[in-house]
Amino acid sequence: MTLDDPLTRREVEDDPLHWIRRNRKIDRIFVIDEAAKCPEVFAAVKVIVDAEDPRPSQIVLASSSNYLLLRKIKETLAGRVGILEIYSLSWLELQGKSVSRVRSLVESDGRILKNQKIASP
């Protein structure tokens, strides 16, 4: 799901907890792209993570910027998240001549998306 869409973003702003619970499938990774565009989503994720502890929530908050540096986001999710910085692809990766750094990370750390199904909208 992406928060680039103004209509989706407005729906999330109105009730982020309900929106996540309605769209998320418990047994699948739930990706919220451009999460920093709706700061309310961070507080909702905190509620979900705390309620499901110790089971991993499998919620991925993606952002094209470092959300920890954004002043409008009050919830850091400290102790509840792992941060993975992903850089742009190299020229060799784009040509398919090199194993991508993302694939290397996924294969080297079984906790990161390995053998997971990603929910689609």
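This is a predicted model: local features need pLDDT of at least 70, side-chain atom pairs count only at pLDDT 80 or more; totals for chains, interfaces and linings use all residues.
Colleague: Where is Thr 8 found?
Modeller: Thr 8 is in helix H1, residues 6-14.

Colleague: Why is Thr 8 called buried?
Modeller: Its relative accessible area is 15%. Buried means under 20%. Thr 8 is therefore buried.

Colleague: Which residues does Thr 8 touch, leaving out those up to four places away in sequence?
Modeller: Thr 2, Leu 3 and Trp 19.

Colleague: What makes Leu 77 count as buried?
Modeller: Leu 77 has 1% relative accessibility. The cut-off is under 20%, so Leu 77 counts as buried. Leu 77 sits in the loop between strand S2 (59-61) and helix H4 (91-94).

Colleague: What separates the C-alpha atoms of Leu 77 and Val 49?
Modeller: A distance of 9.3 Å, with the two residues 28 apart along the chain.

Colleague: How do helices H2 and H3 pack?
Modeller: H2 (residues 16-23) and H3 (residues 40-52) pack at an angle of about 60°, with axes 8 Å apart.

Colleague: Which residues make the contact?
Modeller: From H2, Pro 16, Leu 17, Ile 20 and Arg 21. From H3, Glu 40, Val 41, Ala 44, Val 45, Val 47 and Ile 48.

Colleague: How do the residues of that contact divide?
Modeller: Eight are nonpolar, none polar and two charged.

Methods
Residues are numbered from 1 along each chain as its sequence is written. Side-chain values use heavy atoms; hydrogens and water are left out. Helices (H or I, at least four residues) and strands (E, at least two) are DSSP runs, numbered from the N terminus. Buried means under 20% relative accessible area, exposed over 50%, partly exposed in between (1.4 Å probe, protein chains only). Contact means heavy atoms within 4.5 Å. Axes are lines fitted to C-alpha atoms, for helices over the stretch in contact, and angles run from 0 to 180 degrees between N-to-C directions. Ala, Val, Leu, Ile, Met, Phe, Trp, Tyr, Cys and Pro count as nonpolar, Asp, Glu, Lys and Arg as charged, and the others, Gly among them, as polar.
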